[in-house]
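The exercises below concern domains, interfaces, helix packing and a sheet. Each task is followed by a solution in steps.

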Amino acid sequence: MGNSIAASGYTFVLEERKEVSGEDLGLLQEKLLQLNWGVQHPASGPMRLKVWVDGDEVVKVDPDIGYVLRLLEKLVEYRTWINAIVNVERACFMDDFGTMAGYSIAAEKIAGVEVPKKADYVRTILCEAGRIVSHLLGLGGIVGVLGVHTPTQWALIAREKFLDAFEVYSGQRIATSSIVPGGVRFEPTGKFIEKMVTAVDFLEKEFIPRYGEVFIDNPTLKIRTVGIGKVSKEKAVEIGLAGPALRASGVPSDVRKDYPYAAYGELDFKVVTREEGDAYARYLVLWEEIQESAKIIRQAIEGLPEGDYRTKFPVKVPPGEAYVNVEWARGCFGFHLISDGGTGPYRLKMRAPSFANVWALPEIMKNVKLADVPVIFASLYMCHGDIDR
Amino acid sequence: MEAWLKALLFPGFVFLLIVFLMIFYLERKVLADVHLRTGPFYVGKWGLLQTTADVFKLLQKEFVIQRRANKLLFSLIPFVAFIMVVMMVAFIPFSERSWVVSTSFDLLMVLALVTGMSPVFFYAGWVSRSKYSFIGGLRVVNQMISGEIPLWLSALAAAVFFGTLNFIEIVHKSSLVSFIVLLPAFLIFTTAALIISDRPPFDIPEAEQEVVYGFLTEFGGFNYMILVLSKLIELFAIFSVGVILFLGGFKGPILPGIVWFFIKLALLYLFTFVVRASTPRIRMDQLLRFCWKVLTPLALLNLVFVILVKMFIS
């Protein structure tokens, strides 16, 4: 057949025009319909999923990425050690502190710089606030693809309070450029701490009770998400899921606990895991991690030590290599940084968790309904900026 | 009033247009309230003219017809849909004297026209010749057929109880007893109304995140406005029938009949808005299972119940 392609055990009939007695039958003649789920689609974001459907059943999906490629890794090579953070933080706008912290720790490792204790604590506060901000959007996103925009709106209100704190701290609400090699860029003033406590208070006293009442045990939400996109523990390790998606399958993998960085070693928190491994479990992992993060912020604010918030970072860093993992909002983010003794990084390779999750899509989306595609997609909790970098 | 004035002004076209702008405004305000937002605010007093402004924005838009689409049908379908739903409203008595036509088979006419809407919406998706429209068209037929049977059965249960199909007679015969006896039918009717008019959580044919906008995907500007308006009017007509059959229509103390009618209607609408703000969309196969395994048997049992009650009363 000229218009069909046999690939990976499937035969795909391409779109064609066949005329029967002068009438174009159009779409009815096609056994398999290829839908372009993206790039311009209400729920896809800037990436494309080629979805082949047979009636309402999804036969195969094929992710097509690269629409927001910004060459961040290459751009870093033209920056100085400090300046490079502006490129690193743009991996994803939702949680930029995690990436900055990872890059800074890698740079400090090569340069042999010891960071003051206070900087570690401020980094922890900022990273956890970034995680909350990101998870709030993720929660809203999962219910949002089911046609209800209330969670998104509620989450955005809680998010605004954190952005207010970031604004007081750095002057910017989203791209804060606040964590640099050698510490943090700004003094954590009393006003910042006050704003952060207000935000956490709002989250714990207003957002969590209100949201938990309506959208956690929601029966319709359960109908749609329980048992959808199920990934077993072994499978999750095999296909290399990351972050909340991995923890939802029962793998207690968390860099904060396993290889503590910043001030995480001194704080008390637990790694949230779920055994079910379906979309609802991933949703609940996000939900519980928000509460854990709020606790971490409170502890870090209480234990905030006195002293310097930044040490001098050398202009030229001796040659060397470092690989650092940090627990970013969407999973384990790896930084492989190489220095050749110059004023800036020689090469930076970022290992992105969302990129790992994208390639789990074809595995997970087998024999599901078309309506499950957005649910699984949103529950894997990916960031497009992070996929393409 | 002259008959043609009735059809044009009250309770005809102009009146309906204002009612829809207000319902749309109310929907946005209620949703905004649940979202903890302000909603429409700047255009007019309390943002009352925002929906009007939106309609005029849509009127200015370019008339886009997809290259592969069937041009005649593509332009015709919105108007067919509009005429069909407007015919439904003609039968509805908003008060003792405000109706356009009143026959002895009002209920039957409205239900028949509601049933006639599903092929129209299917054709809207079909003539667009677009994949998403096509899937949306198939879904709308699936959904409406499954929803119409409970709708017919529960509405006819009321007709059996009252012994007439004329809306004004039904309103006159309604009482507290009829409300209590028809309460199960009312619940089935409301659910079925949400299903066949694609309201959340049953907005499967227009599921934005799955099939973009279903059969409405390729429509734009004026055509789009007319199609969306006809969907709104369809729901309005079905809810009005619900008010007449189960809630006593324009009956009520002190206030004039038309006010009572719209208070009851607003309560039903409020219910749909809150459901929309809090209930995720369900899946097609789940909806079909619900319709055929739960709603239709319940509607049949309810009909049996109403017939038994009727036997004992008369």
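**Exercise 1. Determine how far apart the centres of the two domains of chain B lie, and describe the contact between these domains.**

Solution. Step 1: the centres of domain 1 and domain 2 of chain B, taken over C-alpha atoms, are 20 Å apart. The model is predicted: local features need pLDDT of at least 70 and side-chain atom pairs count only at pLDDT 80 or more, while totals for chains, interfaces and linings use all residues. Residues are numbered from 1 along each chain as its sequence is written, and chains are lettered from A and ligands numbered from 1 in the order in which they are written.

Step 1: domain 1 of chain B covers 1-60 and domain 2 covers 64-307; such bounds come from an automatic or database domain assignment.

Step 2: domain 1 of chain B brings 16 residues to the contact and domain 2 of chain B brings 17. Two residues are in contact if their C-beta atoms, placed from the backbone, lie within 7 Å.

Step 3: on the side of domain 1 of chain B that touches domain 2, helix 1 (3-8), helix 2 (13-34) and helix 3 (50-59) each supply at least two residues. Helix 2 of chain B has the largest share, eight residues. Helices (H or I, at least four residues) and strands (E, at least two) are DSSP runs, numbered from the N terminus.

Step 4: this side of domain 1 of chain B has 13 nonpolar, one polar and two charged residues. Ala, Val, Leu, Ile, Met, Phe, Trp, Tyr, Cys and Pro count as nonpolar, Asp, Glu, Lys and Arg as charged, and the others, Gly among them, as polar.

**Exercise 2. Carry out the domain analysis for chain A.**

Solution. Step 1: the assignment for chain A gives domain 1 (4-64) and domain 2 (80-388), with 36 Å between their centres, taken over C-alpha atoms.

Step 1: the contact takes 14 residues from domain 1 of chain A and 13 from domain 2 of chain A.

Step 2: strand 6 (48-54) and strand 7 (57-64) of chain A are the elements that give two or more residues to the side of domain 1 that touches domain 2. Strand 7 of chain A gives the most, six residues.

Step 3: by class, this side of domain 1 of chain A has nine nonpolar, one polar and four charged residues.

**Exercise 3. Describe the side of chain B that touches chain A.**

Solution. Step 1: 25 residues of chain B are in contact with 29 residues of chain A.

Step 1: helix 6 (131-162), helix 10 (208-211), helix 12 (257-278) and helix 13 (284-313) of chain B each supply at least two residues of this side.

Step 2: the residues of this side of chain B divide into eleven nonpolar, five polar and nine charged.

**Exercise 4. Classify two helix pairs by the angle between their axes.**

Solution. Step 1: axes are lines fitted to C-alpha atoms, for helices over the stretch in contact, and angles run from 0 to 180 degrees between N-to-C directions. Angles under 35 degrees count as roughly parallel, over 145 as roughly antiparallel, 65 to 115 as roughly perpendicular and the rest as oblique.

Step 1: helix 3 (residues 96-111) and helix 4 (residues 117-144) of chain A pack at about 140°, with their axes 7 Å apart. Helix 3 of chain A is therefore oblique to helix 4 of chain A. Residues A:Asp96, A:Phe97, A:Gly98 and A:Ala101 of helix 3 meet A:Arg123, A:Leu126, A:Cys127 and A:Gly130 of helix 4. This contact has four nonpolar, two polar and two charged residues.

Step 2: the axes of helix 5 (residues 106-128) and helix 6 of chain B come within 8 Å and cross at roughly 175°. Helix 5 of chain B is therefore roughly antiparallel to helix 6 of chain B. By class, their contact has 16 nonpolar, seven polar and one charged residues.
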